[in-house]
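This report describes selected local features of one protein model. Please keep the sequence and the three-dimensional view at hand while reading.

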Amino acid sequence: MPQSKHTFIDLFSGCGGLSLGFELAGYKSTLAIDNWQDALDTYKHNNPGSRTLCADLSKIDPYKIKAEYAIDKVSVIIGGPPCQGFSIAGKRIIDDERNKLYKSFVAFVRCFMPDAFVMENVPNILSIGNGVVKESILSDFRELGYNVSYKILLASDYGVPQNRRRAVFVGLRNGTYTFPEPYAQPPVTTEAALSDLPEYSIPDGGNYISAPNSEYQRYIRRGSSKLYNHQATIHTERTAQIIAMVPDGGNYKDLPQELQDTRKVHIAWTRLNSKKPSITIDTGHNHHFHYRYNRVPTTRESARLQSFPDSFVFLGGKTSQLKQVGNAVPPLMAMEIAKKLKEQI
């Protein structure tokens with residue numbers, strides 16, 4: 001591929017869902033930073049020429065990173081700093097341990113002054129403290145000279161077979177960002193994403209057992225001749241019996257009364273609906289089950305629901321793999337954000 005003129009740094013990169021979306025849109029990774037080595041091992045495996053750094057972003061100096069990695073200019077800084085523990089006072093985020101990760105994102109933008117930044121997070125970041133956090137974010141970046149747009153995006157609007165909602169902030173030094181229009185109507189269903197994958201495990205590097213039978217499956221299998229990360233969980237006989245009582249798209253309310261409280265969370269015993277996009281993929285808590293098989297989704301099935309191509313291989317143990325997938329930004333949604341941004345920088 002020709003050298004891309006658009007480059008990015010990915011902060012809190014995880015295994016690289018946001019990065020992959022930007023790469024699919026023609027950008028090139030300059031550096032990915034995260035504090036979890038498992039996720040970076042996966043990132044590096046799927047991006048052999050990329051540079052990664054395992055570090056606590058609240059404890060590193062972006063100016064030292066700039067010098068050590070000889071990064072003179074970068075087009076975009078992307079990432080999703082954890083913001084669950086925001087500490088606020090009055091109408092601002094205050095200087096507090098809980099805010100250091102978000103503040104480190106701001107510090108990197110201040111240091112590199114990219115053409116743009118893209119920051120994604122949970123939807124309720126817009127409403128925390130009656131909007132205090134949102135206003136603080138807007139203020140921090142406006143002080144650096146960025147015009148900031150924000151919106152809650154639904155992944156299934158952009159070809160992802162999952163109803164995952166994310167808040168996205170995009171800042172431009174010149175101009176105002178316009179978010180991509182939804183296009184995936186009707187949305188891709190869980191069945192269209194998964195129906196070619198078998199109930200049983202396939203050893204890593206094993207063959208597909210059937211041809212793709214949907215447009216999405218043909219897309220997701222491009223460039224992949226072998227199957228990886230499809231190791232099925234073997235549940236206890238009792239658990240499998242309870243799952244079997246829940247119909248396609250059903251949940252704990254479909255169980256006999258005496259079984260409804262066997263798990264103390266409201267999402268328990270939820271079976272995916274084959275005719276709709278998936279509910280939000282979690283990090284492997286074993287509460288969501290395949291629409292047809294009496295087991296939780298495999299890593300590959302979860303990755304499909306996140307829109308990772310089958311050629312993207314996850315490293316680490318199965319628990320780690322599921323956490324990597326669940327924490328990721330859906331690449332197809334990220335690609336649409338990146339493509340739209342490319343028109344404007």
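## Helix α1 and its surroundings

Helix α1 is followed by G26, whose phi is positive, near 100°. Helices (H or I, at least four residues) and strands (E, at least two) are DSSP runs, numbered from the N terminus. The model is predicted, so local features need pLDDT of at least 70 and side-chain atom pairs count only at pLDDT 80 or more, whereas totals for chains, interfaces and linings use all residues. Residues are numbered from 1 along each chain as its sequence is written, and side-chain values use heavy atoms, with hydrogens and water left out.

Seven of the eight residues of α1 (residues 17-24) are buried, so the helix is largely enclosed by the rest of the structure. Buried means under 20% relative accessible area, exposed over 50%, and partly exposed in between (1.4 Å probe, protein chains only). The buried residues are G17, L18, S19, L20, G21, F22 and E23. They pack against the strands β1 (7-11), β2 (28-34), β4 (76-79) and β7 (116-121), and against the helices α2 (37-46) and α11 (331-342); contact means heavy atoms within 4.5 Å.

## F22 within α1

F22 belongs to helix α1 and, at 0% relative accessibility, counts as buried. Leaving out residues up to four places away in sequence, F22 touches F8, Y27, V76, I78, V118, A334, A338 and L341. The C-alpha atoms of F22 and P331 are separated by 8.0 Å, although the two residues are 309 places apart along the chain.

## Packing of α9 and α10

Two packed helices are described by the angle between their axes and the distance between the axes. Helix α9 (residues 299-306) and helix α10 (residues 318-327) pack at an angle of about 5°, with their axes 9 Å apart. Axes are lines fitted to C-alpha atoms, for helices over the stretch in contact, and angles run from 0 to 180 degrees between N-to-C directions. The helices α9 and α10 are therefore roughly parallel to each other. Angles under 35 degrees count as roughly parallel, over 145 as roughly antiparallel, 65 to 115 as roughly perpendicular and the rest as oblique.

On the α9 side, T299, S302, A303 and Q306 meet K318, Q321, L322, V325 and G326 of α10. By class, this contact has three nonpolar, five polar and one charged residues. Ala, Val, Leu, Ile, Met, Phe, Trp, Tyr, Cys and Pro count as nonpolar, Asp, Glu, Lys and Arg as charged, and the others, Gly among them, as polar.

## Cavity and pocket

Rolling a probe the size of a water molecule over the atoms shows where empty space is left. On a 1 Å grid over the protein atoms alone, a cavity is a set of points where a 1.4 Å probe fits but cannot get out, and a pocket is an open set with protein on both sides within 12 Å along at least five of seven lines; lining residues have an atom within 4 Å of a point. Grid points are joined across faces, edges and corners, and a volume is the space filled by probe spheres set on the points. The count comes to one cavity of 30 Å³ or more. The largest cavity has a volume of about 120 Å³, and its lining includes H285, H287, H288, S302 and L322. By class, that lining has five nonpolar, six polar and one charged residues.

The largest pocket holds about 710 Å³ of space. Its lining comprises 36 residues, of which F12, D34, G80, P82 and N327 lie nearest its centre. Two or more lining residues come from each of α1, β7 and α10, and α10 gives the largest share, four residues. By class, the lining of the pocket has 15 nonpolar, 13 polar and eight charged residues.

## Selected loop residues

S274 lies in the loop between β10 (270-271) and β11 (288-289) and counts as buried at 4% relative accessibility. Apart from neighbours within four places in sequence, S274 is in contact with T189, T190, E191, D248 and Y291. S195, in the loop between α6 (190-194) and α7 (215-220), is partly exposed, with a relative accessible area of 28%. S195 touches N213, Q217 and Y291, not counting residues up to four places away in sequence.

N229 has a positive phi of about 65° although it is not a glycine; this residue is found in the loop between α7 and α8 (237-245) and is buried at 0% relative accessibility. W269, in the loop between α8 and β10, has a positive phi near 60° and counts as buried at 3% relative accessibility.
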